[in-house]
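Please open the model in your viewer and display the backbone together with the side chains.

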Amino acid sequence: MYRSHVLVCGGTGCTSSGSQQIMVSLREELKKQGLDEEVSVVQTGCHGLCALGPIMIVYPDATFYAMVKEDDIPEIVEEHLLKGRPVQ
């Protein structure tokens, strides 16, 4: 059972903005931090906010991240998914 789920938009707009690489980086960082068995990464369909892509939503707290870059992933994993503090 996972304690968190990270939904990453896999719609056309987000994919063209790099969401596939975001998912790869996210999984790598989760493994590096020892969270790969606690946090599930799920590719979703379009959220309808293509101009804000790539989009990630972290559940169960429903934190919304927009325009995510690969450089953001280590901070999001460490601060939010490890320590429970959403990143601004």
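The stops below concern backbone angles in a predicted model.

As a point of reference, most peptide bonds are trans, and most residues other than glycine have a negative phi. Each stop may be compared with that background.

**First selection: Gly 53 and Pro 54.** What kind of peptide bond joins Gly 53 and Pro 54? The bond is cis, and its omega is about -5 degrees. To place Pro 54 in the chain, find the loop between β2 (39–44) and β3 (56–59).

**Next selection: Tyr 59 and Pro 60.** Please move along to the peptide bond that runs from Tyr 59 to Pro 60; this bond is also cis, with omega near 25 degrees. Pro 60 belongs to the loop between β3 and β4 (63–65).

**Next selection: Ala 62.** Remain in the loop between β3 and β4, where Ala 62 is located. Is the phi of Ala 62 positive or negative? Although Ala 62 is not a glycine, its phi is positive, at about 60 degrees. Now show the surface: Ala 62 has a relative accessible area of 43%, so this residue is partly exposed.

Where is Met 67 placed? Met 67 sits in the loop between β4 and α3 (73–82). Its phi is positive, at about 55 degrees, and Met 67 is not a glycine. With a relative accessible area of 46%, Met 67 is partly exposed.

To review the tour, select Pro 54, Pro 60, Ala 62 and Met 67 in turn, and locate the loop that holds each residue.

Methods
Residues are numbered from 1 along each chain as its sequence is written. This is a predicted model: local features need pLDDT of at least 70, side-chain atom pairs count only at pLDDT 80 or more; totals for chains, interfaces and linings use all residues. Side-chain values use heavy atoms; hydrogens and water are left out. Helices (H or I, at least four residues) and strands (E, at least two) are DSSP runs, numbered from the N terminus. Buried means under 20% relative accessible area, exposed over 50%, partly exposed in between (1.4 Å probe, protein chains only).
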